[in-house]
Amino acid sequence: LNEKDAQTISQSGIKQKGKLEKMWKIQYNQSKQYAQRCEEAHLKKRQKDEEEQRKIASSNSSKKQKSPPTFNKKEMHKLITKRYKQLRKDGKMSVKEAMAAARAEYGADKEDESSPDAGSQVAAMFGMPM
């Protein structure tokens, strides 16, 4: 390249630099706006999820106060298992706590308390009083 070509290239770069800088700023501002919209959407989603959790918690407390519905054993087992899996999926409860909570929601824990222990049932089978 000779000096004239170098000068032409440098002059053309200066003109393009202003245009390129404007394009870059436009894209940069658009990306900042996009990031803000995403952050706002994420915040709204988190608030909505927290609100749903509060509703579930309040409905669970109201369910505990009501008498549990009666189901046959297979339906009861399916419901308890489904609720147990939901509680475990949330990851906030241990295995034992999740099962106890699921059984308590459907009243299966009361059923266990009201039934006699295994020893007295076996004794009754053999006709022995306990």
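A: Helices (H or I, at least four residues) are DSSP runs, numbered from the N terminus. Also, this is a predicted model, where local features need pLDDT of at least 70, side-chain atom pairs count only at pLDDT 80 or more, and totals for chains, interfaces and linings use all residues. Residues are numbered from 1 along each chain as its sequence is written, and side-chain values use heavy atoms, with hydrogens and water left out.

Q: At what angle do the axes of helix 2 and helix 3 cross?
A: Roughly 140°, and the axes of helix 2 (residues 73–90) and helix 3 (residues 95–105) come within 8 Å. That makes helix 2 oblique to helix 3. Angles under 35 degrees count as roughly parallel, over 145 as roughly antiparallel, 65 to 115 as roughly perpendicular and the rest as oblique. The axes are lines fitted to C-alpha atoms, for helices over the stretch in contact, and angles run from 0 to 180 degrees between N-to-C directions.

Q: Which residues in helix 2 meet helix 3?
A: Ile-80, Arg-83, Tyr-84, Leu-87 and Arg-88. On the helix 3 side they meet Val-95, Ala-98, Met-99, Ala-101, Ala-102, Arg-103 and Glu-105, with contact meaning heavy atoms within 4.5 Å. The residues of this contact divide into eight nonpolar, no polar and four charged.

Q: Switching topic: how many salt bridges does the structure hold?
A: Four. A salt bridge here is a side-chain nitrogen of Lys or Arg within 4 Å of a carboxyl oxygen of Asp or Glu. One of them joins Lys-45 and Asp-49, with the closest N and O atoms 3.5 Å apart.

Q: Where do Lys-45 and Asp-49 lie?
A: Both are in helix 1 (residues 3–65), four residues apart, about one turn of the helix. Lys-45 is exposed at 52% relative accessibility, while Asp-49 is partly exposed at 33%. Buried means under 20% relative accessible area, exposed over 50%, partly exposed in between (1.4 Å probe, protein chains only).

Q: And what does Glu-51 pair with?
A: Lys-55, with the closest N and O atoms 3.7 Å apart. Glu-51 and Lys-55 are also four residues apart in helix 1.

Methods:
Helices (H or I, at least four residues) and strands (E, at least two) are DSSP runs, numbered from the N terminus. Ala, Val, Leu, Ile, Met, Phe, Trp, Tyr, Cys and Pro count as nonpolar, Asp, Glu, Lys and Arg as charged, and the others, Gly among them, as polar.
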